[in-house]
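Could you look over the chain shown here before we discuss its salt bridges and its core? My notes are set out point by point.

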Amino acid sequence: MISKFLLAVGLAILMVVSGTTSYIYVGSRQSKVVAPPQKPIAATPRAQAFSLPGTIYIAQAGALYSFSAGRFHQLTPEAGWTQPALSPDGNTLIAVKRVGMYSDVYFLTRYGGIAGQLTNNAAPPRSSWDTGANAWSFYPRLSPDQRTLWMSYDGPKAAGNGYFDVDMSVWAVPVGGSIRQGRSWTSPNNYTGGDMQPIPLPSGGVIYTKYSYDSDGDRVGQLWFTNRAGSAGTALTSTAADCAQPSLSPDGRNMAMICTYKKQISYLTIASWNGSGLGPLKTVVSDQLVAQPAWAPDGSGIAYLAPGGPAAPFQLWFLAKNAYNPPPPSPIPTPSPSPGGPHNGPLPSPTPSPAPVAPVIKPIQVTANLGFDATSPIAWLG
């Protein structure tokens, strides 16, 4: 199904010569009749009607942008930059830069300046002819202690082996160390794209998306959890739900994700998280092609990407907390007895008050006429 490719945000990179296509840009699937997206800094009006708290970091057309106080600022040139994430202390960005037939992870300042290179995935000069000798790093995150780089990685490869498939596994590498000092934590399923978008946990474990083929032959995603390298891990969601793109809430108690249930849409879904398992899945947005949910640092809601209309580019949206965690209804006041002492005869029955009706809270479209990279997570600083 086309939606499988539209929603396989984590399935790494365009195949070089042969094998399964495992990294598809959602934008390439959009209608050609839609007007080209504007650059965020050129959009009119520049000031947005709705301003989100803090600062959001987001990718469009190979450039990174920040969004705060209703305005965008371009941080990098349009040079293959994507997938920003924040260091746990909030002082540094890490991001991916795609170059030719490989990609690398960099430290950036919050203003977009390069502060360091964390991987070196280009093939050695003597092997430059062998495209399979290059490697790809995607979806970088730092561990809570900021000493370990977590990422989806498809290497190392031996030069000249003729292997061109891209099946990513979750790797942990010491910050400042080489890939030889790192370790693969997961074993991907062949020809699926592999294991994507790791979320390191304070406990030392990691949550990620594992892709496989179900009994119907459809490629599906599942959220998985493992607490040690090489462990088989535990599936947190079913193949029938087809979930991906995990995002852990700031308090560590809830998980947001997208789930398709093998339909031509992706639902914004949340579930409680107790440190080893998820509670029941709860759909909170069911009428959009949702991608890359991110929790507000202050707990006020969830931002995500979704088209602004049929066959339109992906825009930034926000769903307020009360839409999925409404406050309890106000108690119905009990009628007080009428003044004037006792009455002769039976008291009139009080008129029953109507049951309170919770207001319907709909997502807010924050941007228009833009086109964000739906394969790139949103980073959000409080």
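The points below go from the basis of the model to the overall fold, the core and the charged pairs.

1. The model is predicted, with local features requiring pLDDT of at least 70 and side-chain atom pairs pLDDT 80 or more, while totals for chains, interfaces and linings use all residues. Residues are numbered from 1 along each chain as its sequence is written, and side-chain values use heavy atoms, without hydrogens and water.

2. The protein chain has one helix and 24 strands (DSSP runs, H or I of at least four residues and E of at least two, numbered from the N terminus). Of its 382 residues, 50% count as buried (under 20% relative accessible area, with exposed over 50% and partly exposed in between; 1.4 Å probe, protein chains only).

3. In the largest nonpolar core, which has 35 residues, L268 and Y304 touch the most other members (a core being buried Ala, Val, Leu, Ile, Met, Phe, Trp, Tyr and Cys residues joined through side-chain atoms within 4.5 Å). A second, separate core of 22 residues includes L289, A291, F318 and A374.

4. There are five salt bridges (a side-chain nitrogen of Lys or Arg within 4 Å of a carboxyl oxygen of Asp or Glu). One of them joins K210 to D195, with the closest N and O atoms 3.0 Å apart; K210 lies in strand β13 and D195 in strand β12, and both residues are buried.

5. K262 forms salt bridges with D216 (2.9 Å, N to O) and with D218, where the closest N and O atoms are 3.2 Å apart. Because D218 lies in the loop between β13 and β14 and K262 in the loop between β17 and β18, the latter pair ties together parts 44 residues apart in sequence. K262 is partly exposed at 22% relative accessibility, whereas D216 is exposed at 56%.
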